[in-house]
Amino acid sequence: MLHRPRRLRKTAALRSLVREGSLRPGNLVLPMFVREGITEPQPVEAMPGVLQHTIDSLVVAAREAVAAGVGGLMLFGIPATYDDQGSAAVDPNGILNRGLAALREAVGDSAVIIADLCLDEFTSHGHCGVLNDQGEVDNDATLDIYARMAVVQARSGAHMLGLSGMMDGQVAACREALDAAGFPDVAILSYAAKYASGFYGPFREAVDSQLKGDRRAYQMDPANRREAMIEVELDLEQGADIVMVKPAGYYLDVVADVAGAIHAPVAAYQVSGEYAMLEAAAAHGWVDRERLIAESITAVWRAGARIICTYWATEVARMLGGGASTEKTSTERI
């Protein structure tokens, strides 16, 4: 036979030589949770290994992640009290903003500190925006609060804001507010294509969600693929620096579409349900945990995302950073 593709798979060195791109620890973002009113970190039952942190334990975990080479830290806050306006989100002394300040002091510019910019963790109804008299999310009234959040989060030390609310016009509102307040260098990571997914279930426990109803009126329909490009193009026109597809693993077609169509960086979020299912299967001994972590992240990378948010970020960064390339190392698997 003239053509034998297996020739280039014979050894680890050959496979490494022809690998189509390599994931680095710096491409990984670690989502983290900080909770007000606790004295010890609290485990999230549905997400083994994930914690709701105190400020002190948050700093310790952040330093461990950065030491492993993780490129970004994405912070979510869990307040002690809620109201219908999500007031704690714009309070400079609110838990999220204090957490951002602590991270910036602890790691400086050695990792990108990303603030979650959304109201769902702070509202008594659990929606991503404020409600009108009919009980529906009021898009434009929400933008005013998002703009205030953007400035407070920038002042608290965030390098980048993760706009996750899926409100029309949110990128423009936040970009304008940041520039007017003297923060032109604070970047915007837009959750441009965020689907109304059932895979977010464990996350709701992680943030103690107060959600009543669902978010299908503003997050995308899982059946829609082409619509994602409309959302992406609008966000880029409004000033987004990076666009995100969420979830990652079950939306690789969307990730590939976006990555193939634009020149801006593309991120994808390996969400709580993806994490929980793999961990549960591994706990029963049904799958090779380490191998599937590596394979799942490789799939997201292969689809075109160059920034991957994953709860395994620290672990995967350590996999990538150690040892020779042999069949038994996780480095080659990724």
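How much accessible surface does the protein chain have, and what share of it belongs to carbon and sulfur atoms? In this predicted model, the accessible surface comes to about 15000 Å², and carbon and sulfur atoms account for 51% of that area. Buried residues make up 52% of the 334 residues in the chain.

The overall dimensions were examined next. The C-alpha trace spans about 70 × 45 × 40 Å along its principal axes. The radius of gyration of the protein chain is 20 Å, which agrees with the value near 20 Å that a compact globule of 334 residues would have. Twelve helices and ten strands are assigned in the chain. Of the contacts between residues at least 6 apart in sequence, 74% join residues that are at least 24 apart.

Charged side chains were also counted. The protein chain carries 43 negative and 30 positive side chains. The centres of these two sets lie 13 Å apart.

Ten aromatic pairs are present in the structure. One of them is formed by Y191 and Y269, whose ring centres are 6.5 Å apart and whose planes meet at 55°. Y191 belongs to strand β7, which covers residues 187-194, whereas Y269 belongs to strand β9, residues 266-269. The pair therefore ties together parts of the chain that are 78 residues apart in sequence.

Both partners of this pair fall below the 20% relative accessible area under which a residue counts as buried. The relative accessible area is 1% for Y191 and 0% for Y269. The two tyrosines are also members of one aromatic cluster, which is made up of F33, F76, Y191, F203, Y269, Y275, Y311 and W312.

A further position considered was G249. This glycine is found in the loop between strand β8 (242-246) and helix α8 (252-261). G249 is partly exposed, with a relative accessible area of 31%, so its value lies between the limits of 20% for buried and 50% for exposed. In sequence, G249 and A303 are separated by 54 residues. In space, the C-alpha atoms of G249 and A303 are 9.6 Å apart.

Methods:
Residues numbered from 1 in each chain as written. Predicted model: local features only at pLDDT ≥ 70, side-chain atom pairs only at ≥ 80, totals over all residues. Heavy atoms only, no water. Helix = DSSP H or I, 4+ residues; strand = E, 2+ residues; numbered from the N terminus. Rg over C-alpha atoms; globule rule 2.2 N^0.38 Å. Buried < 20%, exposed > 50% of the residue type's maximum accessible area, 1.4 Å probe, protein only. Contact = heavy atoms within 4.5 Å. Areas by Shrake-Rupley, 256 points an atom, 1.4 Å probe, with all protein chains shown as cover. Lys, Arg positive; Asp, Glu negative; His and termini not counted. Charge placed at Lys NZ, Arg CZ, Asp CG, Glu CD. Phe/Tyr/Trp six-rings, centres within 6.5 Å; stacked < 30°, edge-to-face > 60°.
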